[in-house]
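Take a look at the model below.

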Amino acid sequence: MVLNLVWLGFFLAGFATAGVRLAQGDLAVFPALLAALFDAARAGFEIAIGLTGTMALWLGFLKVGERAGMIAGLARAAAPVLQALFPGVPRGHPAQGAVTMNLSANLLGLDNAATPLGLKAMQELQSLNPRPAVASDAQIMFIVLNTAGLTLIPTSVIAIRQAVALRQGVVGFNAADIFLPTLLATLCSCLAGLAAVAACQRIPLWRPRLALPLATAVALAAGLLALLLRLPPAQASQVAGTAGAAAILGIVALFLGAGAWRRINVYEAFVDGAQEGFAVAIRIVPYLVAMLAAIAVFRAAGCMEAAMGAAASAVAGLGWDTAFLPALPVGLMKVLSGAGARALMVDVMQAHGVESFAGRLAAIIQGSTETTFYVLAVYFGSVGIRDSRHALACALAADAVGLAAAIGIGYAFFR
């Protein structure tokens, strides 16, 4: 419902603004809107087709890791922490494995793979819920960890950046240069969401099995950020890109090595996963085309320019730099719709360039949090939850922290 209103609002605002401009004598406005509409449809299809190969690649490697037991290994490693975060879930209950699989998929940036795993986790958690219409503490913690999900590899964002770079003819482009900034931003949002839920549910985060992993993660992130802030922005960006590429290739090598060690047919596993990736990429074509078309009409009519001009005046009045403003709508839309935010991110990259500060910042913002309203609606709706209690407030708090962190970290790395 919310996405329907947003999508319709883009069109109506664009048509209304174009009507006013036509009344003022601008005879070129409606031809410009029509041209923008068809250009957006073509761009959406081309980007989705370019995305197909990359998604097939990553889902293929994930399938290898899954059959090699790496995902199950993550579940075992995370069991002590999950037991502390979900005290109402008995040790060894199927919900623990389902939750870990979902969080692992989010960690690898595989949003579409994470959704079915998340629905399975919600069903398992619902089996422990004494009040089926009211969200349990465990379900709320799970939801907020999803909406503020820590992302190790923003796979889909990297894939889209690569597809846009190819379309723009950018040579030698490193789509993984947002790896470290996105990791740090998602860490901030994840910690904020965790702290908010822990405060509401009175979970003692100072206990060693929780405090030690959290303190280690924060210390590593702080040390990494402090080290990179000592470097000039161009060098910091280069280091981030190199580290991102090395980390991603390291995970691929780990998955393949584990598969070879366990004597599984890694080629067959990769092909099976790649087939799923092809289906995922094709499935997003209508969503991407729909949102890009609406945004194109909104932009061609002058609405985006007017809105950004008003925001720029307000920000400049405070004495702040305004370079982040083109990417800001991505963060605001991300709360409502992943597809809408993805389309806005693509729009920013096309309008400002995939290598621009705004293009990079839009990618970091896109990878820093999840779609709060979508996740709450789908996950709670799948098990019939009507009372979400404090889930929305905690998730929105994490979103706000994640957006602010993404902007600040983007400036630290790329500005």
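Start at aspartate 399, which lies in helix α18. Keep in mind that this is a predicted model. Is aspartate 399 buried or exposed? Its relative accessibility is 7%. Buried means under 20%, so aspartate 399 counts as buried. Which residues does aspartate 399 touch, once neighbours within four places in sequence are set aside? They are Thr147, Val335, Thr369, Glu370 and Thr372.

Thr147 is among the buried residues of α6. Helix α6 spans residues 137–147 and is mostly covered, with 10 of its 11 residues buried. The buried set runs through Ala138, Gln139, Ile140, Met141, Phe142, Ile143, Val144, Leu145, Asn146 and Thr147.

Now return to α18. It covers residues 391–414 and packs with helix α8, residues 179–201. Two packed helices are described by the angle between their axes and the distance between the axes. Here the angle is about 155°, and the axes are 8 Å apart. Angles over 145 degrees count as roughly antiparallel, so α8 is roughly antiparallel to α18. The crossing of α8 past α18 is right-handed.

Which residues make this contact? From α8 come Leu180, Pro181, Leu184, Ala185, Cys188, Ser189, Ala192, Gly193, Ala196, Val197 and Cys200. From α18 come Cys394, Ala398, Val401, Gly402, Ala405, Ala406, Ile409, Phe413 and Phe414. Look at the spacing of these numbers along each helix. An α-helix has 3.6 residues a turn, so residues three or four places apart point the same way. The contact of α8 with α18 holds 17 nonpolar residues, 3 polar ones and no charged ones.

Next, the nonpolar cores. In soluble globular proteins, nonpolar side chains tend to be buried together. In this model, the largest nonpolar core has 60 residues. Phe324, Val330, Met345 and Ile365 touch the most other members. Take phenylalanine 324. Beyond its neighbours within four places in sequence, phenylalanine 324 contacts Val315, Phe357, Leu361, Ile407 and Tyr411. Another core lies apart from the largest one. This other core has 32 residues, including Ala135, Leu145, Ala391 and Cys394.

Finally, step back to the whole chain. The protein has 18 helices and 0 strands. Of its 415 residues, 50% are buried. Consider contacts between residues at least 6 apart in sequence: 80% of them join residues at least 24 apart.

Technical notes: Residues numbered from 1 in each chain as written. Predicted model: local features only at pLDDT ≥ 70, side-chain atom pairs only at ≥ 80, totals over all residues. Heavy atoms only, no water. Axes fitted to C-alpha atoms, helices over the stretch in contact; angles between N-to-C directions. Helix = DSSP H or I, 4+ residues; strand = E, 2+ residues; numbered from the N terminus. Parallel < 35°, antiparallel > 145°, perpendicular 65-115°, else oblique. Left-handed = near helix turned anticlockwise from the far one by under 90°. Contact = heavy atoms within 4.5 Å. Nonpolar A, V, L, I, M, F, W, Y, C, P; charged D, E, K, R; others polar. Core = buried A, V, L, I, M, F, W, Y, C linked by side-chain atoms within 4.5 Å. Buried < 20%, exposed > 50% of the residue type's maximum accessible area, 1.4 Å probe, protein only.
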